[in-house]
Amino acid sequence: MGYSLWRKVIASLLCIFLLTIGPPAQAAGTEDAVRAERVVLVLIDKINVQDYEGTQLANIKALANRGSTGLLNNNTGAGIYSEHTYPTIGGGAHLIGAGEAFNGFNAYEQVTGTSAAKEYHRRTGWQAPEGSVLQLAIGKLTRTNEALPYPAIPGALGQALQEAGRKTAVIGNADTAGIHRRLATTITMDKQGLTAMGCVDETVLLQDQAVLGSYRTNFARVLKKFNEYRHNGASFIVIETGDATRIYEEKDKGTDFTYARQRADVLSGIDRFVGDLADEMDFSREVLLVVTPTPTTEAVKENNSLTPIIAVGPGFQPGSLLTSGTTKRDGIVMNTDIAPTVLRYLGLEPVVSMSGRPLLVSGLKLQETGLNYLSTLNKQLVTTYQARPPLQSAYVLLQLIVLFTAMYGIFFRRHMAELIKPFLLVVMAVPLAELLMPLLPRHSVAVMAVMLVITTLVVAGAAILVNRKLGLDPFIFICIASAGTILTDLLNASYLQKQSLLGYDPIVGARFYGIGNEYMGVLIGSIIIGTTAPFNTGPNGAGHLLQPAVCCSFLPCMPWQRPTSGPMWGAPSRPPLPCW
């Protein structure tokens, strides 16, 4: 039975491998040559996916059903903080911001005893056009990002629009008493820190001593300014709603009850404004992006850092999910994808320094609303992320214990070899078990831990059962099963690896598709062992010359060691092979 079985197994493995490295699979999304007259970006900072599960955002949720939705990875060149996430959107690459970037001003505003235009000229040597909005931290932003090991240009989006003769506009702020928070200017500015038109001063605010922060956004004036800049030919308009940020930054000054009540009122107000804004827009010619650039600090600490993004307009099919060439994941995109999307819809070529790719519509057909799907997906991703450190640490600890015990047995207690074999088998079964776990319930870290133990024991037990029925060495079985499952999963768009404990994580964002480093190591090792070790089981042990320093039990052995009995798994005994 030996050679016939091995030829079939090896041939199947090679076929799967050849198919895998063949023509690449089609991208998850479709990119049509759609164009828009205008792109409007609405910023609702400091909210989370869970806020869409309540009742305060009814208009925005209805808007989501008219377009595409997704989860936004907010990684930057530094931490996930607003001063970094806003410039990252404007640069289309992972930028590093600066606290001083809060200082965006209309040219006529007073700054340190002089006009913002004069202060800007003093810092840069450039004259600010009348009616423009200035970012006073442009010098620091440029110097900071020049030191990065990749192209990262603050204001790359605004610069590309300015060079193409397109106008940008910015409206709103998140100011509190005595503190400016005008980071939206870093999204619309060009490389000189200038936005063609905008209103970011206190005229877009209403004083309200009854709320934390003492101000709230005057959405009636914001909507009036939007229509003004729209009619003046602005192709890209950014609106900072501000209130959610404002109240969040002041929450420590109030009680939890007060903050929760006022936050609910704030979200309802923002929702009404977005509904009014949508009524003003023509979605056959205009694109609306509703984006949360930064999650709350509490969400980041809980590793719940993905935030909602909604896109409505030409090309964004109702009830669909977003994807992009950056992630190739249904429902997950990067913040660096926003700038290339704006350029694409305005008919402009992408900028070389931008690492993102335009947003696309995923081909995944949903049985529920996009927001409900994303809420479930986000919970799964967060649970997997939280489970990874304790479970992987436990696995590494188990490996070390088994390794040192095995080494002790090899050198001092040779009779321990047979006792250690089951533990080695369990260690080898864990990567395959982790790859299969996405098929099982994952409601909590505790449940995942139990599922991992059960799945590992099932895989190890299946290897022993195959050995008893077919005479196939359990270690070889696990190698072949691991390699085959990885390659088959790759043909299935890496469905399992995307959610595996040992796979890549969209929250971290280091990799979104393909084979991760961990499973590439498992794959290479499994293929090498699974396809070469069987030669040791050929007639008369003819293949033993190919495997120095490894005995038939796959345990490391010294030259003086020799197996004295058949395998412990219950398979028919065969003559032991000599070790070198």
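Strand 3 (residues 68-73) and strand 15 (residues 307-312) run antiparallel and are joined by five bridges. Strands here are DSSP E runs of at least two residues, helices are H or I runs of at least four, and both are numbered from the N terminus. Two strands count as paired if DSSP finds at least two bridges between them. A quick word on what you're looking at: this is a predicted model, where local features need pLDDT of at least 70 and side-chain atom pairs count only at pLDDT 80 or more, while totals for chains, interfaces and linings use all residues. Residues are numbered from 1 along each chain as its sequence is written, and side-chain values use heavy atoms, with hydrogens and water left out.

Back to strand 15. If you click on S68, you'll find that its bridge partner in strand 15 is A311. Strand 14 (residues 286-291) also pairs with strand 15, again antiparallel, through four bridges. There, V290 has I310 as its bridge partner.

So how covered is strand 15? Six of its six residues are buried, where buried means under 20% relative accessible area, exposed means over 50%, and partly exposed is in between (1.4 Å probe, protein chains only). In a regular strand, side chains alternate between the two faces of the sheet. In strand 15, T307, I309 and A311 are buried on one side, and P308, I310 and V312 are buried on the other.

V396, L400, L403, F404, M407, Y408, F411 and F412 make a nonpolar surface patch of about 790 Å². To join such a patch, a residue needs over 30% relative accessible area and no salt bridge, and nonpolar side chains (Val, Leu, Ile, Met, Phe, Trp, Tyr) are joined within 5 Å, like charges within 9 Å. A salt bridge is a side-chain nitrogen of Lys or Arg within 4 Å of a carboxyl oxygen of Asp or Glu. Take F404, in helix 13 (residues 370-411): F404 counts as exposed because its relative accessibility is 57%.

Two loop residues have backbone angles worth a look. T112, in the loop between strand 5 (110-111) and strand 6 (114-115), has a positive phi of about 45° although it is not a glycine. T112 is exposed, at 66% relative accessible area. S494, in the loop between helix 16 (474-491) and helix 17 (517-532), has a positive phi near 55° and isn't glycine either. S494 is buried, at 3% relative accessibility.

Key. Accessible areas come from the Shrake-Rupley method with a 1.4 Å probe; for residues, only the protein chains shown count as cover.
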